[in-house]
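Please look over the sequence and the model shown here before reading on. The paragraphs below move from a strand pair to a helix and then to a disulfide.

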Amino acid sequence: MKSAGNLLTITALLAVTAAPSPASEMPADPVDWDRCVTCSPETGEAVIDPGCFFEMLIARYRCLEAYEDVARVIRVTERSGRRPMRVETMIGCEIQDGRLLVQTPGSQIRRTVGLDVHFRSSPALEQTELDYNMWLAPHMALRFADEPRRQFRPHANKELQPTEAESVTIDEKPMVHLQLQSDEGPPSAEEAHFDLYVNPDSMLIERITGKK
């Protein structure tokens with residue numbers, strides 16, 4: 001992306017590590033994503049269909065009524081000719097009465113000292129707040145966005161596509177790595193992409209890295 005004013009190349013890097021609370025709703029039965037697994041005729045190894053797995057992940061989040069997590073979010077904005085700007089924060093995400101609530105250090109301070117300002121609600125204001133919260137907590141787009149793949153890069157005309165899924169081990173913990181990439185052409189270093197790391201038992205995202 002280029003800014004029309006100064007023609008600087010801008011890249012936004014994102015890293016989110018989410019720790020779902022034990023209070024988060026767990027599925028009554030194990031999520032049967034085995035239907036997304038086939039056997040490669042060439043190697044005989046198990047292959048996870050990325051599109052199928054992503055659709056099951058969306059379905060899992062759509063069913064959430066009780067959920068809490070604490071997430072560590074790192075955003076790095078790189079501009080050509082300038083030093084990268086890094087912002088790191090801790091946020092709390094919660095689904096309450098069907099709404100997404102995101103707490104930041106700033107919002108907690110305002111609430112503590114009684115500086116919260118309550119505006120008269122309207123559909124436009126509620127959507128603006130939801131979009132901002134999903135920008136802070138992109139994994140919650142799977143629960144609240146009408147088009148989750150587009151929400152990962154809301155200012156672009158193209159949505160991201162699930163292109164690869166594989167079983168991996170992160171910190172001695174089994175995970176499923178799901179990659180989302182732009183469909184604008186062949187992969188490149190500048191292409192927008194996200195990597196989701198999913199707990200295969202709870203089917204909840206615990207780590208996200210990405211570039212957009």
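How many bridges join strand β4 to strand β5? Strand β4 (residues 67-79) and strand β5 (residues 85-96) run antiparallel and are joined by 11 bridges, where strands are DSSP runs of E with at least two residues, numbered from the N terminus as helices are (H or I, at least four residues), and two strands pair if DSSP finds at least two bridges between them. A71 has I91 of β5 as its bridge partner, and in the hairpin, with five residues between the strands, G81 takes a positive phi near 85°. This is a predicted model, in which local features need pLDDT of at least 70 and side-chain atom pairs pLDDT 80 or more, while totals for chains, interfaces and linings use all residues. Residues are numbered from 1 along each chain as its sequence is written, and side-chain values use heavy atoms, with hydrogens and water left out.

Helix α1 covers residues 50-62, and its buried residues (under 20% relative accessible area, 1.4 Å probe, protein chains only) include F53, L57 and Y61. L57 touches L142, L178, L196, V198, M203 and I205, residues up to four places away in sequence not being counted; contact here means heavy atoms within 4.5 Å.

The search of the whole structure finds one disulfide, defined as a pair of cysteine sulfur atoms within 2.5 Å. C36 and C52 form this link, with their sulfur atoms 2.1 Å apart. Because C36 lies in the loop between β1 (10-20) and β2 (37-39) and C52 in helix α1, the pair ties together parts that are 16 residues apart in sequence.

Key:
Expected span 1.5 Å × (residues − 1). Buried < 20%, exposed > 50% of the residue type's maximum accessible area, 1.4 Å probe, protein only.
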